[in-house]
Amino acid sequence: MPAAAGKLTVVIVDDSSSVRAVLRRFLAQASDILVIGEAADGETAVDLVERLRPDVLLLDIVMPQLDGFGVLARLRRGRPVPTILLTSRADRFEVRAAFQALGSGAVELLPKPEDPESWRLLAETLPAAIRAASAARIAPMSAAPALPRPAPAPPRPGRDIAVLAIGASTGGPAAVRDLLAALPAPAPFPILIVQHIAAGFETGLAEWLASTLGLDVRVALAGEQPLPGAVRIAPGGAHLRRGTDRQLELDSVTPARRGHRPSADELFLSLEQGPAQRGVAVLLTGMGTDGAEGLRELRRAGALCFAQDEASS
């Protein structure tokens with residue numbers, strides 16, 4: 001099936017014919033997206049992707065013959081393609097598997113709907129997720145070993161870090177994992193993370209990072225005062241801030257900022273309430289501008305700030 005000029009092409013892979021039909025119907029409403037193939041199992045999926053070369057792969061995790069893991073592994077040995085994973089939030093094993101797949105080349109994770117309202121939300125968010133995923137650069141699988149964890153190092157003179165704040169979006173889980181793995185263990189400061197991800201997956205993200213890195217990673221609680229080395233992730237639907245007393249604040253009342261709640265800008269700007277020069281902010285891979293304003297204001301206030309470059313995002 002030839003692709004129309006200027007359209008993003010998609011292959012849908014799910015062992016449920018009804019799910020594939022609904023996804024096709026959703027995407028048919030987007031004038032810039034074209035479904036060029038579909039498969040009910042992993043073996044067929046690999047063949048379709050190699051033949052049709054879509055811009056984005058929409059992939060189920062649990063399938064007969066060859067599951068989503070196997071599909072990603074096969075494709076990364078040849079021609080990797082930006083992949084969006086669809087998985088159930090109710091199945092803890094499946095969620096854990098999905099995060100492992102995110103670390104193996106997939107760039108986005110979306111919940112498989114379980115009721116009419118979640119189907120409506122998926123219809124609204126799926127086209128934007130495909131557009132964002134299409135811009136991802138997926139490197140072929142290499143035999144390079146994992147980054148070694150460096151030995152603990154004393155703080156640099158004049159830069160006594162009080163907190164590290166991280167913001168990330170599309171492709172973020174794997175980038176966050178790599179950043180945390182490269183820090184001294186345990187880090188001599190608490191780490192706060194805003195990761196744009198579908199609501200309900202925050203606990204799975206925390207468990208995946210904790211099991212992969214051996215760190216104290218949990219979803220943030222209001223009033224908590226994390227110790228050095230602790231990693232806390234913003235829960236869905238609430239801005240995460242660091243108060244002047246170093247306690248964590250969760251705000252589910254303030255509206256979304258540039259479409260996001262939690263917002264990286266809200267987290268970064270909250271560091272200004274304390275001694276900004278002791279806060280470090282890092283903005284990782286993603287789409288959109290969330291985090292840019294907060295990073296700019298922190299930089300003006302004297303904080304140490306970093307942003308992942310485009311080439312590695």
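These are my notebook entries on a few spots I looked up in this predicted model.

**Ground rules.** I number residues from 1 along each chain as its sequence is written. The model is predicted, so I keep to its cut-offs: local features need pLDDT of at least 70, side-chain atom pairs count only at pLDDT 80 or more, totals for chains, interfaces and linings use all residues, and side-chain values use heavy atoms, with hydrogens and water left out.

**Entry: Asp60.** I found Asp60 in strand β3 (residues 56–60); helices (H or I, at least four residues) and strands (E, at least two) are DSSP runs, numbered from the N terminus. Is Asp60 buried or exposed? Asp60 is buried, because its relative accessible area is 2% (buried means under 20%, exposed over 50%, partly exposed in between, with a 1.4 Å probe and protein chains only). Leaving aside neighbours within four places in sequence, I listed its contacts (heavy atoms within 4.5 Å): they include Val13, Asp14, Leu86 and Lys112. With Lys112, the side chain of Asp60 makes a side-chain polar contact at 3.2 Å. A polar contact is a pair of N or O atoms within 3.5 Å; within protein, one must be able to donate a hydrogen and the other to accept it, and residues adjacent in sequence count only if both atoms are side-chain atoms.

**Entry: Thr289.** Next I went to the loop between β12 (279–283) and α9 (292–300), where Thr289 sits. Thr289 counts as partly exposed because its relative accessibility is 47%. Not counting residues up to four places away in sequence, Thr289 touches Arg258 and Asp265. Arg258 is 31 residues away in sequence, yet the C-alpha atoms are 7.9 Å apart. The side chains of Thr289 and Arg258 also make a polar contact (3.4 Å).

**Entry: α9.** Which residues of α9 are buried? I noted Gly294, Leu295 and Leu298. They lie on the same side of α9 because they cover an arc of only 100° around the axis (the arc is that of the directions from the helix axis to the C-beta atoms). An α-helix has 3.6 residues a turn, so residues three or four places apart point the same way. On the other side of α9, I saw Arg299 and Arg300 exposed. The buried residues of α9 pack against α8 (264–270), β12 and β13 (304–307). Just after α9, Gly302 has a positive phi of about 100°.
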